Amino acid sequence: MPGEVAPQPTILIVEDEPEIRRFLRISLVNHGYTLLETPKGEEGLTLLAEKKPALVILDLGLPDLDGVTFTRRAREWSSVPIIVLSARTHEQDKIDALEAGADDYVTKPFGILELLARIKVAFRHSDKVASSAAEEPVFTTGDIKVDLAKRTVYVKGEEVHCTPIEYQILTMLVKNADRVVTQQVLLREIWGPGHAKQGHYLRVYVGTLRQKLEEQSARPKYLITEPGVGYRLRVIEETNGG
Amino acid sequence: MNRIEEKKNTTPGKAGSINEESGKDFQPSVSILSVLGVVFCTTVAAYLLELLDQRLSIPVHSANIVMPYLLGVVWSALKFDRKMAITSVVLNVISFSIYYIRPISVQQPDDFDYVLIFVVFLIVTILINELAFTARKQAEQLRETQAQIDRERMRNTLLRSVSHDLRSPLSTIMGASSSLLDATGRQVSMADRKELAQSICRESKRLERQVGNLLEMTSLESGGLVLNKEWYALDEMLGNALTSLESSLCDKDIQIEIADDVPLVFVDGVLFEKVFINLIENCLKYAPSEKYRVSISRVGSTVETEVFNTGKPIEVGEEKKIFDKFYRSDNSVKTDGAGLGLAICYSILHLHDGHIYAVPKLTNGVSMKFALPIPKDVPTIESIKE
């Protein structure tokens, strides 16, 4: 496995399961990352303060400190990207962790490729924030192009008309490309804090948005639903010279 | 087995259990019932009396009149608990004495007759009451035993399926991983190693799915499930299902037809997605190389979804059985799974006031349909302000 050429970022793993730490260690070291590990939440916070890793992988089911508290406490003084690991059917835990400031999540059991992809996205996003570079005015994924300056959306080069709400949803997803955006955040930002429970608003508008952007709205390539949590705009690199 | 079921239906067990409750909770209504019974007996007796005496001119004896009362006493002995039955005896004897001692037409019974009638009534009542009670108790026990047999059978099937369906991927995982271990330092090609790793990966996914199904079934069965209902779009749930099945679907082409007028449905999204997943997974299992079609449309006051494949039709008579827990169709001997997929779908639809069925007597494939009612307050794009 060829390692990354870039300088080796350090990743902190806070996970009580030794077998999971083991396979994470093997794969991540193989991909050129330097690792810090601990099975305990409190120790994780200390390591985070002392060693300042570039990213944290956090298990939500720690015995000593629950992941949401960990995230909240870490966020008081650190903006390190946090990816949480959580069991299926614990959707609320994921939402809580994301609300507390986690960047993304991976559902257990997971494959390493999925986690590696999330790590890359988290680094990309934190680089962007760190350099505070202006958003690129044009965003592209697969056949879709969003011109944020001109407020226009193109599918396969053809302009597509979006309603203001559809456009708002799309731009929020574009700004967080490849990362999950919770329903609550979308509803709060677009309809206001009083509407955080009206999940069906999103279902209706994401539905119409899919009809405009996707080839098959029931088999979306870009606007991915994260069941019970929110939405994710998948970034597909242009492969055939679009 | 059959006999037990038949007996279950004909024993007075059911009435018994109701009476045991009603004896406690509905004392007043039971009393009213016995008073009504006495009135009824008296009326019958009066009619009998008139019939015998005036029409047929047969000398009326108290014994004749006692008969209807005896019937009443027998009836209450059968139906009520002992206290109520004895009360009814007393009521009947009193009514008999009030009514038929005075009238001149009847030969007045002497004290001995009274005592005799009373004692006979009492004995008959207690005997019948006791018999009925025993019968009820036996029926209760029988039902209990039957339930226990059912539970036992369920547990056995569960254990069998768990041990078989969980063990087979586990043995592959163990075998493949130990082969990989053994391969270290030896000349085993990269391709072979990759193949071993792939089978570990594939089998663990299978294991995960089966564990998930078992957990789901248990939580559905236990009834402790709290539904988290919201308005969802069926096509979105279908999309989620297809996304989570991506690795097994590969690039398989599925024809999807969604009508324009399909409204949102009020369901538990996470749970309901499972219906789509299980139905499509079933297609992959039983008709791996056939064509699939999913269509969603409005039918009357319901939204109907059809999952169709061009595979081997379901055999006549099997359409209902396939929804039973742990039922496996004969032509699935080689496929994995515990036979829980459709049972889970059935339970989920049931929880949502919908229904699921296999279209019977189809010759060109397999069609599973499920329907959900459309609530009156279904939100539309017009009802959501921009």
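View 1. In E12(A), Tyr231(A) is the bridge partner of Val181(A). This is a predicted model, in which local features need pLDDT of at least 70 and side-chain atom pairs count only at pLDDT 80 or more, while totals for chains, interfaces and linings use all residues. Residues are numbered from 1 along each chain as its sequence is written, and chains are lettered from A and ligands numbered from 1 in the order in which they are written. Strands (E, at least two residues) and helices (H or I, at least four) are DSSP runs, numbered from the N terminus, and two strands pair if DSSP finds at least two bridges between them. Strand E10 (residues 180-182) of chain A is joined by three bridges to strand E12 (residues 230-233) of chain A, and the two run antiparallel. E11(A) is joined to E12(A) by four bridges, again with the strands running antiparallel, and Ile224(A) stands opposite Arg232(A) in E12(A). E11(A) and E12(A) form a hairpin with three residues between them, and in the turn Gly228(A) has a positive phi of about 80°.

**View 2. Packing of helices H7 and H8 in chain A.** Helix H7 (residues 183-191) of chain A packs with H8(A) at an angle of about 85°, and their axes are 9 Å apart. Such axes are lines fitted to C-alpha atoms, for helices over the stretch in contact, and angles run from 0 to 180 degrees between N-to-C directions. H7(A) is therefore roughly perpendicular to H8(A), on a scale where angles under 35 degrees count as roughly parallel, over 145 as roughly antiparallel, 65 to 115 as roughly perpendicular and the rest as oblique. The contact is made by Gln183(A), Leu186(A), Leu187(A) and Trp191(A) of H7(A), together with Gly199(A), Tyr201(A) and Leu202(A) of H8(A); two residues are in contact if their C-beta atoms, placed from the backbone, lie within 7 Å. By class, the contact of H7(A) with H8(A) has five nonpolar, two polar and no charged residues, where Ala, Val, Leu, Ile, Met, Phe, Trp, Tyr, Cys and Pro count as nonpolar, Asp, Glu, Lys and Arg as charged, and the others, Gly among them, as polar.

View 3. Leu213(A) lies in helix H8 of chain A. Leu213(A) is buried, because 25 other C-beta atoms lie within 10 Å; a residue is buried if 20 or more other C-beta atoms lie within 10 Å of its own, exposed if 12 or fewer, and partly exposed in between, with C-beta atoms placed from the backbone. Leaving aside neighbours within four places in sequence, Leu213(A) is in contact with Ile144(A), Val155(A), Val160(A), Tyr222(A) and Leu223(A). Leu213(A) and Leu223(A) are ten residues apart along the chain, and their C-alpha atoms are separated by 8.5 Å.

**View 4. The side of chain A that touches chain B.** In this view, 20 residues of chain A are in contact with 22 residues of chain B. On the chain A side, the elements that give two or more residues are helix H6 (164-175), helix H8 (199-213) and strand E11 (223-226) of chain A. H8(A) gives the most to this side, with six residues. By class, the side of chain A that touches chain B has nine nonpolar, eight polar and three charged residues.

**View 5. The five-stranded sheet of chain B.** The secondary structure of chain B comes to eleven helices and seven strands, and buried residues make up 28% of its 386 residues. An open sheet of five strands has the order E2-E4-E5-E7-E6 (chain B), with mixed pairing. Its edge strands are strand E2 (254-258) and strand E6 (355-358) of chain B, each of which pairs on one side only, and the twist averages 15° from one strand to the next. E2(B) and strand E4 (residues 292-299) of chain B run parallel and are joined by five bridges, with Ile256(B) opposite Val294(B) in E4(B).

**View 6. Helices H8 and H10 of chain B.** H8(B) lies across E2, E4 and strand E5 (302-309) of chain B, running at about 160° to E4(B). H10(B) packs on the sheet, where it touches E4, E5 and strand E7 (366-373) of chain B, and its direction makes about 25° with that of E5(B). Helix H8 (residues 234-244) and helix H10 (residues 269-286) of chain B pack at an angle of about 60°, with their axes 8 Å apart, and H8(B) and H10(B) are therefore oblique to each other.
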